[in-house]
Amino acid sequence: MSDPRFEATVRDGVLRFSRPNARWLSSGFDGGESRATAAYNVTVPDGFSRTDLAAFARERRDAVGFDDPGPTLLTGVEMRHARRARLGSVDVVATAGVSNPAALPVEATTPATTHATTGRDADADSPPRPGTVNLLVGTRRALEPGALTNLLTVVAEAKAATLLAVAGVPGTTSDAVVVGCDLSGDPSRFSGSSTDVGAATRACVRDAVVASLQSRYADEEMPTSVDDAPYGVVTDERASVSKIE
């Protein structure tokens, strides 16, 4: 009997997350909706500065013998820190690093006109260090288009809640998500937090992110604020808010 789950395979810094007849929605550089056998998460080298990201991703996939194209995420986190979580119909693979946290203060203050500030040792003119929390999410349920889109928001909420609890920030400056579903699976119109798919996704995202962070920071202190991190931003602007008449 074949494995009913999404398959995850790592070769030389390239992670392939696959299932036949899958539909994907990605927030990455090649984002949007697509149909493909696989999605990918690729580790970039130190000092990475290429701008032809699609070509780079294709070169890396070809180099390790992954022939199927598909949506691809890039990260500075090594794939040895990738962690997988499974629950119900859902599989999640996470790579997590927080060297470039993105803080969003919500305390009530006087409206300001200041711009986003960077963390210590950051250079606004150089490429950001890619800490990044990347998530590949798959469900064996055949989600309708709206439900697949909503699942991406469920993933983002779960990621933010997890990072706030363990790292004090809701995300980094380069987080990305790919969600996918098996079009041959049992149909589902909804994927909110109270559904089986949504609840399983939330649990898997939390547990995979925590496990990846524990691996990534097993031998060093994990940043818990922008001030503690090599790179990062604080969005401290205040918008003008008014009543809608």
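Are Phe6 and Phe17 buried or exposed? Phe6 is buried, and Phe17 is buried too; buried stands for under 20% relative accessible area, exposed for over 50%, and partly exposed for what lies in between (1.4 Å probe, protein chains only). Keep in mind that this is a predicted model, where local features need pLDDT of at least 70, side-chain atom pairs count only at pLDDT 80 or more, and totals for chains, interfaces and linings use all residues. Residues are numbered from 1 along each chain as its sequence is written, and side-chain values use heavy atoms, leaving out hydrogens and water.

Let's stay with those two rings. Phe6 and Phe17 make a stacked aromatic pair, 5.2 Å centre to centre with 20 degrees between the planes. Rings of Phe, Tyr and Trp (its six-membered ring) pair if their centres lie within 6.5 Å; planes under 30 degrees apart are stacked, over 60 edge-to-face, and the rest tilted. Together with Trp24, Phe6 and Phe17 form one aromatic cluster.

Elsewhere, Phe48 and Phe56 form a tilted pair, with 4.8 Å between centres and 55 degrees between planes. Phe56 counts as buried because its relative accessible area is 6%.

Now for the largest nonpolar core, which has 36 residues. Such a core is a set of buried Ala, Val, Leu, Ile, Met, Phe, Trp, Tyr and Cys residues joined through side-chain atoms within 4.5 Å. Val92, Leu135, Val137, Val179, Val209 and Leu213 touch the most other members. There's also a second, separate core of 14 residues, including Leu15, Ala82, Leu136 and Val178.
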